[in-house]
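Here's a quick tour for anyone meeting this structure for the first time. Have a look at the picture, then read on.

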Amino acid sequence: MKIELLRHTEKPESMIAQAARISHQTTGNEKDYSPEEDRELIRKLRNWGHWSPFEFASATFYVEGISRSCLAQLTRHRLASFMVRSMRYVKQNQEEVVIPQSVKEAGLDEEYREGITKSHDLYQKALDAGVPKEDARFLLPIGSKTSLYLKTNFREFRHIIELRGGEEAQWEIRELAEGFLARLSEMAPAVFEDLRKDS
Ligand SMILES: Cc1cc2nc3c(=O)[nH]c(=O)nc-3n(C[C@H](O)[C@H](O)[C@H](O)COP(=O)(O)OP(=O)(O)OC[C@H]3O[C@@H](n4cnc5c(N)ncnc54)[C@H](O)[C@@H]3O)c2cc1C
């Protein structure tokens with residue numbers, strides 16, 4: 001899978017700290033704070049469980065090559081915004097399928113591919129017979145790959161990473177959550193550092 005961080009709030013840690021400081025100030029940003037002062041405050045906010053300031057920074061990702069199965073799990077996160085490649089308008093290619101490692105290890109790789117080829121052949125036959133893509137897609141496997149944009153705020157990214165990056169989460173969405181975490185913690189370390197397994 002490909003996970004690309006496209007855009008994010010400018011100086012996200014500064015924005016989060018600035019929003020949090022209003023609770024003790026009469027006006028907006030009364031003085032300049034250093035990045036280290038911002039990080040110190042963010043660590044305190046985390047410890048206090050004061051999460052609303054984390055909503056003042058957001059990021060947009062482009063994700064390519066996850067299965068529709070993974071997509072179904074991801075889109076359960078209601079506070080994120082999504083735009084997903086349409087199977088109504090875009091024809092699915094046969095090779096665009098995720099093959100889980102466990103299937104390969106079980107020695108079912110070849111049969112799995114045969115099953116995909118069969119369903120894809122029928123998909124193509126349906127298209128050739130004039131069946132619209134929106135109906136022909138019913139024949140495609142849940143492992144079919146898709147691409148999407150996802151945007152949400154840092155509070156929700158933390159929540160997604162906590163739930164989906166854990167051991168109980170399914171491997172594909174866990175890989176995605178780990179990818180989000182790696183890129184976000186590079187850009188805003190104080191916000192995400194406690195979620196890293198090496199922290
Ligand atoms: C290991 C694992 C196994 C799962 N298994 C299943 C399963 O078998 N079947 C299944 O259907 N789902 C399953 N899920 C999905 C799960 O039930 C949630 O739908 C998904 O994780 C989204 O979480 P959320 O609702 O906390 O988050 P989000 O939608 O991301 O919301 C973030 C937070 O906002 C608040 N919030 C959002 N909407 C509301 C609301 N309407 N009312 C009150 N508070 C709200 C909550 O505090 C919520 O935690 C599983 C998830 C995990 C991680």
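## Strands side by side

In which sense do strands E1 and E2 pair, and over how many bridges? They pair in the antiparallel sense, over 6 bridges. E1 takes in residues 2-8, while E2 covers residues 58-67. Keep in mind that this is a predicted model. To find the pairing on screen, look for Ile3, which stands opposite Val63 in E2.

E2 has another partner too: strand E4, made of residues 145-153. These two run antiparallel as well, joined by 9 bridges. Here a handy landmark is Phe61, which sits opposite Leu150 in E4.

## How covered is E2?

E2 is mostly tucked away, with 9 of its 10 residues buried. As a rule, side chains in a regular strand alternate between the two faces of the sheet.

## Around the ligand

Now hop over to the ligand. Its surroundings include Arg76, His77, Arg78 and Leu79, along with Glu156, His159, Leu163, Arg164 and Glu168. Sorted by class, that shell holds 5 charged, 2 polar and 2 nonpolar residues.

Which distances separate the ligand's oxygen atoms from polar side-chain atoms here? For Glu156, a side-chain N or O atom is 2.3 Å from a ligand oxygen. His159 has a polar side-chain atom 2.8 Å from an oxygen atom of the ligand, and for Arg164 the corresponding distance is 3.3 Å. On its own, the ligand has 940 Å² of accessible area, and the protein covers 46% of that.

Terms used
Residues numbered from 1 in each chain as written. Predicted model: local features only at pLDDT ≥ 70, side-chain atom pairs only at ≥ 80, totals over all residues. Heavy atoms only, no water. Buried < 20%, exposed > 50% of the residue type's maximum accessible area, 1.4 Å probe, protein only. Helix = DSSP H or I, 4+ residues; strand = E, 2+ residues; numbered from the N terminus. Pairing = 2+ DSSP bridges. Near = heavy atom within 4 Å. Polar contact = N/O pair within 3.5 Å; in protein donor to acceptor, adjacent residues only side chain to side chain. Areas by Shrake-Rupley, 256 points an atom, 1.4 Å probe, with all protein chains shown as cover. Nonpolar A, V, L, I, M, F, W, Y, C, P; charged D, E, K, R; others polar.
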